[in-house]
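Hi everyone, thanks for making time for this. I'd like to walk you through one structure, so please have a look at it first.

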Amino acid sequence: MSSLAAAESHQTVIQAKIVQPAWVRIMHWINAVAMIMMIMSGWQIYNASPLFDFRFSHSITLGSWLGGALLWHFAAMWLLMINGLAYLAVGLATGRFRNKLLPLTPSGVIADIKAALTFKLAHDDLTRYNQVQKLLYAGIILVGIVVVLSGLSIWKPVQLYWLVTLFGDYPTARYVHFFCMAAIVAFLVVHIALAVLVPKSLRAMIIGR
Amino acid sequence: MGRLRSLLIPGVDKQLLVRDAVKVMPDLARRRFIAGGASLGALTLLTGCDVVDGNSADQMLAQISKFNDAVQGWLFNPDALAPTFAESAITRPFPFNGYYDVDEAPEVDGKSWKLEVRGLVENKKSWTLDELYALPQVKQVTRHICVEGWSAIGSWTGTPLRDFLKLIGADTRARYVWFQCADKDGYNSPLDMRSALHPQTQMSFKFADEILPRAYGFPMKIRVPTKLGFKNPKYVMSMEVTNDYKGGYWEDQGYNSFSGS
């Protein structure tokens, strides 16, 4: 009897410790693969007609030449789109976005930046995001939406001319697509650095606890 | 010239490649998309699968590309009109583009040139430039979008291709109109019939109200504002109405054949 009760309470403890539910973990890693394929093939596509005075090194691009990179880009887009739409749908339906990312206030963000810079920001409870995390995660979801919309408008500027109009014109949509990529890469640098600094957050994204 | 031509294997001539490499393709192995150790290594890490066999990855990508063609054909309206612009929006100077320098662009003698018409058409007569110039013409100011990403707004004047196809009694139930060009490497490109019949698809004889200059495809260019630039052939010598997919210069090297915008 007592052992049964102990087992039950043990189970509750484990359940309470679940930081990342399975659907978040699966979609996170699918997104990671898709994003990296999109970014690396996108760099190769960029190299065909650079917007700025630089090209990406061939060693970090995917697809070997423009034709191959386009095939990669338009293959990986399915993974990114389907996984991304599913993530948004489940995130909204389960209330995860609301629970995790709100409330988000400018004063809260400033207070948490100060705390972080003075090494006073707590990481004890991984299930609760601080204001900076909330800002970055909400921000990257928005950037993810804009990178897809700008990508669609430079892929189908005739069919989706109204989407192009939203960005101004075709060349502007290209710049928007580029800067969204740059924002995602900047996010990745910070995101990966922090995951390495707080290894238990990486563990939670792999095994959930 | 004949000897030179026999030495040139389309698509793998080093001289031509090096010139274009600056812009598009740093790799000689153009048909091998995944060549290059770093990319391969990164991909293996990413997917956890063994993709060292580049051919299987190429095959998978080609399959997905075909799937994309089908999805795009199903999803999008092939009759959607490309946006048009005011004359003031025209890009000047309009860029020259080719896999060769402008001074190596095909030089066609307009006096002896005749447009050959072949395949599933009732009237297979060849057309001189003067005969074509006599056909009703329309002008369009549209955005030319290159597969490389750059774009430019230009003004093209000519005969809607669908009017010409009607005139020569083409079987418009056929699947493709296949164009062949004067380029020494034998540039060609297939256009699906629906796009050939699109109201804005044009046999262009003028650019910016002037007879098409050599740089932009004299004597005739096919302007398809709903398709990427490489599906807008210049220096056109012949057209064939056909049910067979005969491939194209860039399509054969891996550019998606639909490539509609």
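I'll start with chain A and then turn to a sheet in chain B.

A quick note before that: this is a predicted model, where local features need pLDDT of at least 70, side-chain atom pairs count only at pLDDT 80 or more, and totals for chains, interfaces and linings use all residues. Residues are numbered from 1 along each chain as its sequence is written, while chains are lettered from A and ligands numbered from 1 in the order in which they are written.

Chain A has nine helices and zero strands; helices (H or I, at least four residues) and strands (E, at least two) are DSSP runs, numbered from the N terminus. Its C-alpha trace spans about 70 × 40 × 35 Å along the principal axes. Of the 209 residues in chain A, 26% are buried, meaning that 20 or more other C-beta atoms, placed from the backbone, lie within 10 Å of the residue's own.

Now chain B. Five strands make an open, mixed sheet there, ordered S2-S1-S10-S5-S6; two strands pair if DSSP finds at least two bridges between them. At the edges sit S2 (127-128) and S6 (188-192) of chain B, each pairing on one side only. S1(B), residues 114-119, pairs antiparallel with S2(B) over two bridges, and B:Leu115 stands opposite B:Trp127.

On the S6(B) side, five bridges join this strand to antiparallel S5(B), residues 176-181, with B:Tyr176 opposite B:Asp192. Six residues separate S5(B) and S6(B) in their hairpin, and B:Gly186 in the turn has a positive phi of about 70°.

So why is S6(B) largely enclosed by the rest of the structure? Because five of its five residues are buried.

Methods. Buried ≥ 20, exposed ≤ 12 C-beta atoms within 10 Å, placed from the backbone.
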